[in-house]
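I opened my notebook for a look at this structure today.

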Amino acid sequence: MTDHDQRYSKAVETDEEEARNIKPPYQTPKGVHDILPADHEYYTFVKKVVRHRLRQAGFRRISTPIFEFTDVFTRSIGAASDIVSKEMYTFKDRKDRSLTLKPESTAGVVRSYIENNMQVLPQPVELYYIEPHFRYDRPQKGRYRQFYQFGYEIIGESDPALDVQSIHLAWKILDDLGIAQIFTLQLNSIGCQVCRPQYVTVLKDFYFGKERSLCAECKHRIDKNALRLLDCKEEDCQILAQIAPKLSDYLCQECKQYHNDVKEFLTELKLSYNENPNLVRGLDYYTKTVFEFWDRTDGAQNAIGGGGRYDGLVELMGGPPTPACGFAAGMERIIANMKREKIRVPKKDDLHVFVAQLGKESKKKCLPLIAQLREAGIKTMGALGKGSIKVQMRLADKFKVPYTIILGLTEVREGTAIIRDMQVGTQKTVPFEDTVEEIIKLIGEEKRDIYSPGEAIY
Ligand code: HAM
């Protein structure tokens with residue numbers, strides 16, 4: 001555990017201890033939480049991996065607003081879906097317009113594609129996002145009311161190779177994060193507007209007379225969203241789903257060929273998959289390919305991510321007929337898995353140096369010294385309060401810095417500075433003007449944290 005981890009987990013522990021006695025007057029609402037600094041190291045790492053892989057594949061980043069007109073989601077995700085019927089944070093603005101916090105990003109990206117006339121760009125348009133999303137889910141492990149997703153969409157072309165590319169990219173990202181091996185790729189085709197309606201009729205016929213064996217929710221699903229009967233988690237519903245007619249037997253020739261090509265290309269990329277005839281996904285916009293990454297032990301319960309093809313969505317949202325596919329994954333679940341697998345991420349927050357001072361004169365010398373150290377890429381914390389040297393040294397200890405620079409009255413008078421090695425407990429006096437150089441030597445040139453955005457601007 002790094003210094004920051006320790007500091008913040010200590011703070012959290014203390015908070016928890018206190019909370020046992022007195023509840024703080026303000027707390028986060030149920031299902032949402034702070035991302036504390038130690039966790040941000042994971043978020044930063046995941047974001048870097050995602051950005052790197054997607055940039056490599058020609059994707060560009062997009063952010064759609066946190067809230068949109070409610071219709072954007074109702075129309076695309078489907079009124080009968082769990083998300084729209086139970087999980088949206090919907091509110092009225094001051095002019096009585098219905099707005100909703102985004103529960104996912106595909107709908108917003110498609111709205112943006114149409115609104116910004118992206119069909120005139122070279123196709124397919126490849127976009128990715130890393131955004132917070134909001135669902136009024138029942139909070140539990142891996143299920144939050146605010147959560148982060150990274151995701152991407154390939155809009156404007158239909159080809160099994162593109163579906164496979166989305167899957168491969170997701171796998172690559174999980175592999176970079178060190179967790180690909182704990183997931184299985186679940187794959188299915190849910191057909192298209194031509195073949196699916198016929199299958200839905202067959203499915204409804206199958207469930208006719210069996211309603212009593214279904215959970216309350218599935219009883220409603222028969223009429224409203226029959227495909228979802230196949231992926232209900234209730235035991236009795238699952239038993240029926242196992243013997244229900246399979247969509248694969250009803251796919252039209254085109255969908256069948258498409259699905260076979262997807263499988264052939266996956267094999268070409270050596271991506272193993274599990275054909276799962278009951279995988280239907282919870283959003284209405286999908287056509288043909290659907291896929292999810294399931295935990296090898298927990299199964300569907302904590303899918304890390306999912307996606308698929310949605311060839312009718314752009315048109316449904318008022319654009320020209322435009323095929324598309326995409327994927328999104330939950331970052332909290334990814335990070336929980338990385339921690340479970342004991343995967344450590346680079347720690348960039350640890351400090352190099354603590355600067356302790358005594359009195360106004362030394363403070364005057366400290367301020368430019370701190371600025372110079374930081375400029376030189378040395379992560380520096382200055383104790384600029386009024387504490388005694390002893391108090392400041394104790395603070396330096398708590399921050400677990402490798403070195404402390406001490407500027408007392410004598411040092412100021414003599415034009416020197418003391419550099420203390422905090423681990424060994426030794427110290428040496430150096431000429432004040434050599435302090436930065438000395439520290440760089442001690443820390444190591446390669447450890448400097450240098451970023452010059454100014455040089456990149458043109
Ligand atoms: P989704 O399956 O609804 O798909 O969500 C994708 C991932 O977001 C889930 O697999 C899960 O990891 C995470 N997630 C969902 N809800 C929660 C929650 N309440 N708490 C924590 N994590 C959660 C979509 O959102 C589609 N837009 C994916 C897509 C993109 N399809 C095509 N393009």
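Before starting, I set my terms: a residue is exposed when its relative accessible area is over 50%, and buried when that is under 20%. I also kept in mind that this is a predicted model.

**Entry 1: helix H14**

I began with the outward side, where H14 shows the exposed residues Lys390 and Lys398 on the face turned away from its buried side. Then I looked up the buried residues of H14, which spans residues 389-398, and found Gln392, Met393 and Ala396. Viewed down the helix axis, these buried residues of H14 fall within an arc of 100°, so they line one face of the helix. I next checked what they pack against: strand S12 (353-357), strand S14 (403-407) and strand S15 (416-421). Just after H14, I noted that Lys400 has a positive phi of about 50°.

**Entry 2: the ligand site**

I turned to the ligand and found 26 residues around it, with Glu104, Thr106, Tyr144, Glu153 and Tyr286 as the closest. By class, I sorted this shell into eleven nonpolar, eight polar and seven charged residues.

Which residue has a polar side-chain atom 2.5 Å from a nitrogen atom of the ligand? I found that it is Glu104. For Thr106, I read 2.9 Å between a side-chain N or O atom and a ligand nitrogen. Phe327 uses its backbone instead, with a polar atom 3.2 Å from a ligand nitrogen. Taken alone, the ligand exposes 660 Å², and the protein buries 95% of that.

Last, I looked up the elements giving two or more residues to the shell, and wrote down strands S6 (146-155), S10 (305-309) and S11 (324-330). S11 supplies the largest share, four residues.

Key
Residues numbered from 1 in each chain as written. Predicted model: local features only at pLDDT ≥ 70, side-chain atom pairs only at ≥ 80, totals over all residues. Heavy atoms only, no water. Near = heavy atom within 4 Å. Polar contact = N/O pair within 3.5 Å; in protein donor to acceptor, adjacent residues only side chain to side chain. Areas by Shrake-Rupley, 256 points an atom, 1.4 Å probe, with all protein chains shown as cover. Nonpolar A, V, L, I, M, F, W, Y, C, P; charged D, E, K, R; others polar. Buried < 20%, exposed > 50% of the residue type's maximum accessible area, 1.4 Å probe, protein only. Arc of directions from axis to C-beta. Contact = heavy atoms within 4.5 Å.
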